[in-house]
Amino acid sequence: MKAAPFAYVRPSKLSDAVAELAGTSGGGKVIAGGQSLAPVLAMRLARPDTLADINSVEELDEFALSGEALHIGATVRQRRVERDPLSRSVPLLRLALPWVGHRELRSRGTVCGSLAHADPAAELPAVACCLDAELSLSGPGPGRWRPGSSSAGR
Ligand SMILES: Cc1cc2nc3c(=O)[nH]c(=O)nc-3n(C[C@H](O)[C@H](O)[C@H](O)COP(=O)(O)OP(=O)(O)OC[C@H]3O[C@@H](n4cnc5c(N)ncnc54)[C@H](O)[C@@H]3O)c2cc1C
């Protein structure tokens, strides 16, 4: 099968990506590494009217240690986190990453994409819950979500 038709946009600013998605009639989706989304589209399990490709949004490429917190932007690949010495500060994350699929998949797949996809069998959402990770969400109305806390899902 092939994906149903969709509009493709590749904004270079986060605010433009948010505006593109807000402008759809609820059928927009983000594409990051495409490792889960591409098969879902190909099987027509999802039929978004717009795909917002966030890979040109430079501000989402942040990978930095600030105090004890490791900041992982939405376009940061799993393989980069696995290999970068900065991730030694979060040993559980470093231990879990090699178990995610295979190396080629991790070269494209993002940490945040795995969290957003939220497969109950996936390693990274479990790690995020164990470490009480904070997800910073951007949208027309900004907010924060903290897995494992009573605010989960807000
Ligand atoms: C063959 C194969 C084997 C796999 N094996 C494993 C495994 O062993 N363990 C494991 O944990 N996972 C596994 N996966 C899943 C895979 O690791 C992740 O689902 C994938 O890396 C998600 O990241 P992505 O950047 O590719 O997301 P995409 O495929 O681009 O997106 C996935 C979903 O998340 C949404 N999304 C992505 N980024 C954002 C964002 N920034 N904001 C909002 N929504 C967003 C998309 O709209 C889509 O719904 C496997 C996948 C495949 C195809």
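What you're looking at is a predicted model, where local features need pLDDT of at least 70 and side-chain atom pairs count only at pLDDT 80 or more, while totals for chains, interfaces and linings use all residues. Residues are numbered from 1 along each chain as its sequence is written, and side-chain values use heavy atoms, with hydrogens and water left out.

Let's start with the layout. The chain splits into domain 1 (7–57) and domain 2 (59–145), with bounds taken from an automatic or database domain assignment. Their C-alpha centres sit 19 Å apart. Contact here means heavy atoms within 4.5 Å, and 11 residues from domain 1 and 14 residues from domain 2 take part.

Now for the interface itself. About 1100 Å² is buried between domain 1 and domain 2, with carbon and sulfur atoms giving 66% of that; buried area is the accessible area (1.4 Å probe) that two parts lose on being put together, summed over both. On the domain 1 side, L14, Q35 and V57 lose the most area to domain 2, together 42% of what that side buries. As for polar links, the rule finds 4 residue pairs in polar contact across the interface (both at pLDDT 80 or more), meaning N or O atoms within 3.5 Å, where one must be able to donate a hydrogen and the other to accept it, and residues adjacent in sequence count only if both atoms are side-chain atoms.

On to the ligand. It has 24 residues around it, and the closest are V30, S36, L37, T110 and E123; the cut-off is a heavy atom within 4 Å. A polar side-chain atom of E123 lies 2.6 Å from a ligand nitrogen atom. Ligand oxygen atoms pair up too: one lies 2.9 Å from a polar side-chain atom of Q78, and a backbone N or O atom of A32 is 2.9 Å from a ligand oxygen.
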